[in-house]
Amino acid sequence: MTRYSLLRPALLLTISGTLMLNSCKKDPDVNPIASNKDVKDWILSNMKYYYLWNDKIPANPDTSLAPDKFFYSLLYDYTNTANVNRDRFSWIQPSADELKASLSGQSKSTGIEYRLYYKGQSRTDIVGSVLYVLPGSPAAAAGFKRGDIFTKVNGQALTGTNYASLLAADALTFGMATLVNGTPTDTDQTRQVNPIVLQEDPVLLDTTYTIGGKTVGYVVYNQFIPGVFKSSGEADKTYDTKLDNIFGKFKQKGVNELVLDLRYNRGGYVSSSTNLASLMGKNIDGSKVFYTQQWNSTVTADRDKKYGAGWNTEKFSAKATNIGANLSRIFVLTTSSTASASELIINGLRPFMTVTTIGTTTVGKNVGSITISDDTKRIKWGMQPLTFKSANAQGFSDYATGFVPAVEVNEPSLGMKAFGNLSEPLLGEAIYQITGTRTTARRGVGTDEILTGISSSLDRKAGGGNMFIETPGELLK
């Protein structure tokens, strides 16, 4: 991943670190940790240059704040929930190394992704619903699967006041529950798991169905990650290549309808979004625009001067395994966890083919970010500020309120069916839209089966819903 501290204005910090190293060769502490003042100066200088709303940074920010609070004090209209176009997505972390790893799908985890809901109207007790389980994880070894529910952790019932601390423990014993007449009921079963550092493979499932003369391809894709994270910064394309091979199989099997399941995909690298779009797009090639980046006037002026028009345009890639010639449309499964690079797929493909969304309204993240860190390692922090707005080939970028589904289908809060099961509500509706044959109840589940959500493990992924770019640093070196 490009380290943006190489760029203006953070170049000043990199140079000063280099001079310190050259002038203090005999001092074993040649690269001392930066003070809080140094950190805040670094934050402010980078934000003044790269931040999408750099013209709205306070003229006299409160430098007495801690670094993280100082960062959030700079964000545009951050606390004004009435403004859907405010900055909802920039964030900062004390460890740049952990930030970079998490953006590439590597983090400490049990391998369970879940949602938490209030069990009743009292909004006191909480039930957890397992959304999916990573293969090869401690959770998978313990027998967890999609649709499982739990109500206790380490012997304590989950409540609105203790769930965060209980689920953050280094050793977790889950108290399981089952549905009795639709009500979560505790059992005597427990499952013990310990979090470990996991690398997530974002392609959870791929398969095909032959129904009513249609050959339907189905892919569950949970994060836009090019490949395995490597701390050395070495590029890896394992997961992009896996998708290439999957679409190669689809092409060989004559897939002529496609269902892309992005219901839990919070976003990720736009390079992987471009790669995936290039496998599906109809009548596209390397000359066609997938999306454009709209940066602030400061960055735009510099890049226009150095590179001329077109530096902010991302085009499709020519892919031998593209199946667009066999498609007239695609179906995308969405929920309130579908964000950013996932929404970029929807918006970027619509100028070229019909994209029908099934599920519930998406997050509405039409902006992207870059990772900013300090190459000298004096500053350990890493930040991910919003730096550009995205627009498709027709110039459309106005989806800050999310994409409303063409066909609304609710997932049940509890008792979810396995991915790939044709009676699963969202997939079943897609199959009906394609073939006219119903494999599940019309429009999934009723609102009476939807509990009030409180939190989800998905919120920690990719900053809670982000898209970011790897290579803009090359433009200003």
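## A salt bridge to start from

R146 and E411 form a salt bridge, with their closest N and O atoms 3.0 Å apart. The term stands for a side-chain nitrogen of Lys or Arg within 4 Å of a carboxyl oxygen of Asp or Glu. The two partners come from distant parts of the chain, 265 residues apart: R146 sits in the loop between α5 (138–141) and β5 (149–153), and E411 in the loop between β21 and α11 (425–435). Helices (H or I, at least four residues) and strands (E, at least two) are DSSP runs, numbered from the N terminus.

Before going on, a word about the model: it is predicted, so local features need pLDDT of at least 70 and side-chain atom pairs count only at pLDDT 80 or more, while totals for chains, interfaces and linings use all residues. Residues are numbered from 1 along each chain as its sequence is written, and side-chain values use heavy atoms, with hydrogens and water left out.

Is R146 buried or exposed? R146 is buried, at a relative accessible area of 11%, and E411 counts as buried at 11% too. Here buried means under 20% relative accessible area, exposed means over 50%, and partly exposed is in between (1.4 Å probe, protein chains only).

| Pair | N to O distance |
|---|---|
| R146 and E411 | 3.0 Å |
| D148 and R191 | 2.6 Å |
| D459 and R266 | 4.0 Å |

D148 is buried at 10%, and R191 is buried at 11%.

D459 is partly exposed, at 40%, whereas R266 is buried at 9%. As for our opening pair, salt bridges that share partners join R146, D261, R263, E411 and E424 into one network.

### A strand with neighbours on both sides

Now to β17 (residues 354–359): 5 of its 6 residues are buried, so the strand is largely enclosed by the rest of the structure. Which strands does β17 pair with? Pairing takes at least two bridges found by DSSP. Strand β16 (residues 329–334) runs parallel to β17 and is joined to it by 6 bridges; V332 has T357 as its bridge partner in β17. Strand β21 (residues 407–408) is parallel to β17 as well, through 2 bridges, and there V407 is the bridge partner of I358.

Together with helix α10 (residues 341–349), β16 and β17 make a right-handed β-α-β unit. Right-handed means that, with the strands pointing away from the viewer, the path from the first strand over the helix to the second runs clockwise.

### The nonpolar cores

A nonpolar core is a set of buried Ala, Val, Leu, Ile, Met, Phe, Trp, Tyr and Cys residues joined through side-chain atoms within 4.5 Å. The largest one has 66 residues, and I43 and F247 touch the most other members. Helix α2 (residues 36–50) gives the largest share of this core, 7 residues. Apart from it lies another core, of 24 residues, including V216, L333, M416 and L458.
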